[in-house]
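Trainee: I am new to this structure. Please take one part of it and go through it closely.

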Amino acid sequence: MSIHGPPQEANLRSCEQMIEAVLEGRGLDPRQSRIHSASGPAWGMTQGSAEIYIFLTAGGKGDNFIQVTSPVMRPSPEAMATPSLWRRLLELNATELTGAAFGLRDEQVVLTTDRSTQGLDRNEVEEMIRRVANYADHYDDALTEEFGGQRHADVKL
């Protein structure tokens, strides 16, 4: 990494090294945790039954972003068609979750947190990963029990 390169590129490389150091601190090999992503460096890991993905993305205006996300469950068709699941997820976002939120991506409930990498430090990376991993590992079972469907870990793709 050249310290004389564009600031956005230097920030991206610095954050990449920080994420890999955090993964090493969790006992993972960052090289084996790498996954393909067209948008930038990315890693995957598991905690309990949850799969967690970490993405670094270069923004269009010179900013970089980190996103930690986890697919939690695939709701049953019945749950998708009624407001009770969506209401519960919004309630959890407002009352139980801190620094992360439920959403829907590709017909799956996901947990996600993201932020600009400007001023990002290792403790924040560790906390983002820990938070999403803990929530996902808990709520994949709880939501599947409450609404039916399948935990992401049980979905056959």
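Trainee: Are Tyr-135 and Tyr-139 buried or exposed?

Mentor: Both Tyr-135 and Tyr-139 are buried; buried means under 20% relative accessible area, exposed over 50%, and partly exposed in between, with a 1.4 Å probe and protein chains only. This is a predicted model, in which local features need pLDDT of at least 70 and side-chain atom pairs count only at pLDDT 80 or more, while totals for chains, interfaces and linings use all residues. Residues are numbered from 1 along each chain as its sequence is written, and side-chain values use heavy atoms, with hydrogens and water left out.

Start with the helix that holds the two tyrosines. Tyr-135 and Tyr-139 are 4 residues apart in helix H5, so about one helical turn separates them. Helices (H or I, at least four residues) and strands (E, at least two) are DSSP runs numbered from the N terminus. At the start of H5, a side-chain oxygen of Asp-121 comes to within 3.0 Å of the backbone nitrogen of Asn-123. H5 has 26 residues, which at 1.5 Å a residue should span 38 Å, and its end C-alpha atoms are 36 Å apart, which agrees; the expected span is 1.5 Å times one less than the number of residues. H5 bends by about 30° at Tyr-139, the bend being the angle between axes fitted to the seven residues ending there and the seven starting there. Just after H5, Gly-148 has a positive phi of about 80°.

Next, the rings. The structure holds 2 aromatic pairs; rings of Phe, Tyr and Trp (its six-membered ring) pair if their centres lie within 6.5 Å, and planes under 30 degrees apart count as stacked, over 60 as edge-to-face and the rest as tilted. Phe-102 and Tyr-139 have ring centres 5.5 Å apart and planes at 85°, so this pair is edge-to-face. Because Phe-102 lies in strand E4 (residues 101-105) and Tyr-139 in helix H5, the pair ties together parts that are 37 residues apart in sequence. Phe-102 is buried, as is Tyr-139. The pair of Tyr-135 and Tyr-139 is tilted, at 6.4 Å centre to centre and 50° between the planes. Phe-102, Tyr-135 and Tyr-139 form one aromatic cluster.

Last, the core. The largest nonpolar core has 36 residues, and Phe-102 is among those with the most contacts inside it, along with Ile-54, Ile-66 and Leu-111. Such a core is a set of buried Ala, Val, Leu, Ile, Met, Phe, Trp, Tyr and Cys residues joined through side-chain atoms within 4.5 Å. H5 gives the most to this core, with 10 residues.

Technical notes. A polar contact is a pair of N or O atoms within 3.5 Å; within protein, one must be able to donate a hydrogen and the other to accept it, and residues adjacent in sequence count only if both atoms are side-chain atoms.
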